[in-house]
Amino acid sequence: MIPLPRLGALRVEHLSLAELEASAPAWDDLFLRANRPHPHASRHVLAAHRAAGLASSCGRTVTVWRGDRLAAALPYEIRRDLSGLGGRLARPFLSPLVTATAPLVAAEDDGAVLAALAAGLSEASNRAAWRWPLLATGSSAGAGLVAALRAAGWEIGTVSSFERPVLERRPTYEAFLDGHPHRSRLKDLRRRERRMADLGAVAFETATGGAALDRAVGAFLALERAGWKGAAGTAMACRPATQALARTLFAEADGPVRTRADTLSLDGRPVAISLALVGAGTATLLKTAFDEGHRALAPGLLLEERIVRALHETGFADRLDSASLAGSALEGLYRDREAIADVIALPPGCGGLSLARRLRLARFEDAARAEAKRLLRRR
């Protein structure tokens, strides 16, 4: 543990992941007190990555404490990045499953906590640059963080941004449909659902624990591996570490983050499965797999629409987070949006490349990756 300067009644510390896990009640308490927290900074997600060998017990976190109560936390790592010409910079913890990177910040924060966190971030990187992909800049934590960094004299620039589909639960499913901007898309899904029903019995099931959840996760791994991700070697079941992560992350667990598996089946055989993490009123839909033999019926989207119905009928959450990147098919189903940005931030005293040059390098890298993906799709 490396203590950082005190700021009034606040204490800023660096902790390893193992040390923070030793304060599990405080970590879970912060998640419950945070304003619309995402699960990726939660104890459950980081512990699952550690158990699967995808995060080190020595992994780093910046924490802010008010007495014995945790007021803010951010897992981070030091990595080489093209935006620094291969030099080292700091970034929030990332893995292929991480879709959000804002810190956990207590909702009762009076501004002092974010100011303390900004000081801790500068110390964590030794005044080197931060690269902040997948930051929800419109969220309370994301917007508050950017404002606190600017107030502390940081230079901040945006590499890229997009609008992620999210869905705030309406009073009823009919209210969700009323005035929907993509009614034609919903009618098309109804036609596909009827065509699927002509092939056999269609059922929608949800598992949140026990043997049913374990079976759903196993069926998801098999379904994903049977498709194009399996052929490309990117399905979770293709690597022991990611298979272990799926089994641990989407397993019944204690704490404020819970698991949900939704399955759409045809004559008892899964044709689409969605795995989600639910906590603090938000269901984050992290992984979906579908039977590519039924691609023409859009089983993945049919399942997503069933989940929307279940949201309004059962109230299992207040909000759905698609956890998607730009261009998601859910843009035609979800009615709301959240701004997501890739941000570069330079603390006072940061030497080396200018912010403008770092932004140019990062945008060049993004363009090169997009072109590589386009060429691969043409093959």
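**The chain as a whole**

The model is predicted. Its chain holds 12 helices and 14 strands. The radius of gyration is 21 Å, close to the 21 Å that the globule rule gives for 379 residues, so the chain is as compact as a globular protein of that length. Along the principal axes, the C-alpha trace spans about 65 × 45 × 45 Å. Of the 379 residues, 54% count as buried. The accessible surface comes to about 16,700 Å², and carbon and sulfur atoms account for 52% of that surface. Among contacts between residues at least 6 apart in sequence, 72% join residues at least 24 apart.

**Helix α7**

Helix α7 covers residues 183-199. At 1.5 Å a residue, its 17 residues should span 24 Å, and the end C-alpha atoms are 25 Å apart, which agrees. Which residues of α7 are buried? They are Leu186, Asp188, Leu189, Arg192, Glu193 and Met196. These residues cover an arc of only 155° around the axis, which puts them on the same side of α7. An α-helix has 3.6 residues a turn, so residues three or four places apart point the same way. On the other side of α7, Ser184, Lys187, Arg194 and Asp198 are exposed.

What do the buried residues of α7 pack against? Their partners are the helices α6 (173-177) and α11 (299-314), together with the strands β9 (202-207), β10 (258-266) and β11 (269-279).

**Strand β11 and its neighbours**

Of the strands that the buried residues of α7 pack against, β11 is one. Nine of the 11 residues of β11 are buried, so the strand is mostly covered. Strand β11 pairs in the antiparallel sense with β10, and it also runs antiparallel to β12, residues 282-290. The table sets out the two pairings.

| Strand pair | Bridges | Residues facing each other | Residues between the strands | Positive phi in the hairpin |
|---|---|---|---|---|
| β10 and β11 | nine bridges | Asp262 and Ser274 | two residues | Asp267, about 50° |

In the hairpin of β10 and β11, Asp267 lies in the turn. The bridge partner of Asp262 is Ser274, a residue of β11.

Technical notes: Residues are numbered from 1 along each chain as its sequence is written. This is a predicted model: local features need pLDDT of at least 70, side-chain atom pairs count only at pLDDT 80 or more; totals for chains, interfaces and linings use all residues. Side-chain values use heavy atoms; hydrogens and water are left out. Helices (H or I, at least four residues) and strands (E, at least two) are DSSP runs, numbered from the N terminus. The expected span of a helix is 1.5 Å times one less than its number of residues. Buried means under 20% relative accessible area, exposed over 50%, partly exposed in between (1.4 Å probe, protein chains only). The arc is that of the directions from the helix axis to the C-beta atoms. Contact means heavy atoms within 4.5 Å. The radius of gyration is taken over C-alpha atoms; the globule rule is 2.2 Å times the number of residues to the power 0.38. Accessible areas come from the Shrake-Rupley method with a 1.4 Å probe; for residues, only the protein chains shown count as cover. Two strands pair if DSSP finds at least two bridges between them.
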